[in-house]
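Good morning, and thank you for the time.

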Amino acid sequence: MIHGNQRIVKHKIGLLNLAEELSNVSRACKIMGLSRDTFYRYKAAVEDGGVEALIDKNRRKPNVKNRVDELTEEAVVAY
């Protein structure tokens with residue numbers, strides 16, 4: 001079974017490989033249903049950081065203000 005991130009990376013690499021195989025970025029993007037801008041972002045990521053750079057990273061930071069103190073949370077969970 002392929003992990004979710006591996007499936008996403010496989011799709012992104014597929015776009016890069018298809019463009020290389022066809023020697024036509026526009027046609028590859030049209031076949032895959034993605035924009036050329038997306039292709040060039042993927043290509044730049046691979047050139048800068050390798051295939052690992054294609055893995056989706058969550059850039060959201062947790063909002064600590066929305067958390068309650070641990071004692072209150074434990075009381076609610078226990079209830």
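This is a predicted model: local features need pLDDT of at least 70, side-chain atom pairs count only at pLDDT 80 or more; totals for chains, interfaces and linings use all residues.

Let me start with Glu73, which forms a salt bridge with Arg67; their closest N and O atoms are 2.8 Å apart. By salt bridge I mean a side-chain nitrogen of Lys or Arg within 4 Å of a carboxyl oxygen of Asp or Glu. Glu73 is partly exposed, at 32% relative accessibility, whereas Arg67 is exposed, with a relative accessible area of 56%. For these words the cut-offs are under 20% relative accessible area for buried, over 50% for exposed, and partly exposed in between, computed with a 1.4 Å probe on protein chains only.

Residues are numbered from 1 along each chain as its sequence is written, and side-chain values use heavy atoms, with hydrogens and water left out.

The pLDDT is the predictor's confidence in each residue, on a scale from 0 to 100. The protein chain averages 84, and 90% of the residues score at least 70.

As to the overall layout, the protein chain has 4 helices and 0 strands. Of the 79 residues, 16% count as buried.

The structure holds 2 salt bridges, and the other partners to name are Arg41 and Asp37, whose closest N and O atoms are 3.6 Å apart. How many residues apart are Arg41 and Asp37 in helix α3? They are 4 residues apart, which means a separation of about one helical turn. Arg41 is partly exposed, with a relative accessible area of 49%, and Asp37 counts as exposed, at 52%.

That brings us to α3 itself. This helix covers residues 36-49, 14 residues in all, and reaches 20 Å from its first C-alpha to its last, close to the 20 Å expected at 1.5 Å a residue. The expected span is 1.5 Å times one less than the number of residues. Which residues of α3 are buried? They are Thr38, Phe39, Tyr42 and Ala45. Seen down the helix axis, these buried residues fall within an arc of 130°, so they line one face of α3; the arc is taken over the directions from the helix axis to the C-beta atoms. On the other side of α3, Asp37, Glu47 and Asp48 are exposed. Gly50 follows the helix, with a positive phi near 80°.

Let me turn to the core. The largest nonpolar core has 11 residues, including Val9, Ala28, Phe39, Tyr42, Ala45 and Leu54. Such a core is a set of buried Ala, Val, Leu, Ile, Met, Phe, Trp, Tyr and Cys residues joined through side-chain atoms within 4.5 Å. Helices α1, α2 and α3 each supply at least two of its residues, and α1 gives the most, with 5.

Finally, Lys12 lies in helix α1 and is buried, at 9% relative accessibility. Leaving aside residues up to four places away in sequence, Lys12 touches Tyr42, Leu54 and Asp56, where contact means heavy atoms within 4.5 Å.
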